[in-house]
Amino acid sequence: MEIEEFRHWSKEAADWAADYRANLVDMPVRASSKPGAYLQALPSSPPQTGEKFSLIFSDFERLVPPGVTHWQHPRFFAYFPANASLPSVIAEQLTASMGLQCMLWQTSPVATEMEIRMLDWLGQMCGLPRNWEGVIQDSASGATFAAVVTARERALQWQGHATGMANHPVLRFYGSEHCHSSVGKAVFLAGIGMDNLVRIAVDGEGKMDTAALRAQVHADRAAGYLPAGVIACVGSTGTGTSDNLRAVGGVCQEEDLYCHIDAAWAGNAMVCEEHRHLIDGLELADSFVFNPHKWLGANFDLSAHFVKDSSSLVRTLATNPEYLKTQHATGMMPDFCNWSAPLGRRFRALKLWFVIRSFGVEGIRLMIRNHIAWTHMASDILAAHPDFELLAGPNLSLLVFRHRPRHFDTARLNQHNSHLLDAVNAAGFTYVTQTMVGDSYGIRLQVGHTSTTKHNVTEAVDHIITIATELAGHW
Ligand SMILES: *Cc1c(COP(=O)(O)O)cnc(C)c1O
């Protein structure tokens, strides 16, 4: 591609993007493609000679959008959001244009130094301890993996690196029933084994029972295990419940355990002071992760990982081969590849710089406050309806409910609500996902998109009520 052709198609792509965002509201939220449709549409072998770019672009326009689930749709209420705010998209275009590899300070000094500054901004915005340091990871899963390996090495006095796990006592990690699947994955990837992630029971509010945690740690020690760390959760994925960090952190300090906090979604709400009670006691922990790529407007991927003691993390993850040695005075600036499992790093800090400056802290706060207020509004509408019941929340901007028509056979409620979810999502007007609350199948609704309005929330709730009522009539 010649540079003038690049100029032309970059502008075409920018126009396409603006039209896409402008017209999103009229599109079905979830793709309705049949499995295999795209495998059929795409040629089974690659072209041997280059094709005209106009053809590539028109194929993109024809083929791709119908197969897309529109995560930026203002009526996307499924999972958690993956907000790609417009300033962030522009930053991402510039990042791609420069195509940097930011593994070392020397490989692009501005990327490392902007990352330090942006994570410091985030720490201030969220009221995190001022002496903690931050690094951008690809995902909360990546940050939690880094934390678990650090906890493992700390427990083994940094012997696990060289020796593996064989001649050490079996390590144990702890998390509540609500902790995310990425915690289990981190534990088995770290060679500890899923059986050694002990699930601690929760109390009536979904918080880890810290008396049970302490008792389990003592019992494990007595049985010859080596307790290494606890992963506490702020804002569980199913229902949005949070552990009591002061209580969990207290046990960790007494028992000398590493404490990692997974606040992938809810951590973003710490921008609003009124929610900081959720991280009361954070200073007792060792590390904290949340995903600005979920709810802060920075498009995927961008996970903010904060640590009390960066030297433990670096001691665990650093490698120092000859081909990565650099000339700058070691110790002056971090080489962030030594803070994470992957070596290569994108220039992600630019997105934060654009987003935070463009919205301002007050703008971000307002967005999050609106999302939470509208979730409460949806909750009030459903709670006031005689045929709906709330199963959990609202916790921040997450609500779990189900349709429970009067005189309906309770044994069929799970099946009915699963049909309801399918019917709502097939209609395409809005998109919601499910969770189990105890034995009850619930519909999760979270409000979190930058472009969502209060009206989008009410119309989606009305739509769900209409479909539910029709469906119940068919039984
Ligand atoms: C979304 C989520 C994760 C996983 O986040 P990734 O960045 O996709 O790895 C982990 N924990 C919780 C509580 C989450 O909500």
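**A walk from the cavity to the helices**

Let's start inside: the largest cavity is lined by Phe80, His180, Cys233, Gly235, Thr237, Asp262, Ala263, Ala264, Trp265 and Lys294. Here a cavity is a set of points on a 1 Å grid over the protein atoms alone where a 1.4 Å probe fits but cannot get out, and lining residues have an atom within 4 Å of a point. About 50 Å³ of space lies in this cavity, the volume being the space filled by probe spheres set on the points.

A quick word on the source: this is a predicted model, where local features need pLDDT of at least 70, side-chain atom pairs count only at pLDDT 80 or more, and totals for chains, interfaces and linings use all residues. Residues are numbered from 1 along each chain as its sequence is written, and side-chain values use heavy atoms, with hydrogens and water left out.

Now look at helix H13 (residues 349–384) and helix H15 (residues 454–473), whose axes come within 10 Å and cross at roughly 25 degrees. That angle makes H13 roughly parallel to H15 (the label covers angles under 35 degrees). Helices here are DSSP runs of H or I with at least four residues, strands are runs of E with at least two, and both are numbered from the N terminus. Axes are lines fitted to C-alpha atoms, for helices over the stretch in contact, with angles from 0 to 180 degrees between N-to-C directions. Touching H15 from the H13 side are Trp374, Met377, Ala378, Ile381 and Leu382, while H15 brings Lys454, Val457, Thr458, Val461 and Ile465; contact means heavy atoms within 4.5 Å.

Finally, check the backbone. A cis peptide bond joins Gly393 and Pro394, with omega about 10 degrees, and Pro394 sits in strand S8 (residues 388–395).

Conventions: On a 1 Å grid over the protein atoms alone, a cavity is a set of points where a 1.4 Å probe fits but cannot get out, and a pocket is an open set with protein on both sides within 12 Å along at least five of seven lines; lining residues have an atom within 4 Å of a point. Angles under 35 degrees count as roughly parallel, over 145 as roughly antiparallel, 65 to 115 as roughly perpendicular and the rest as oblique.
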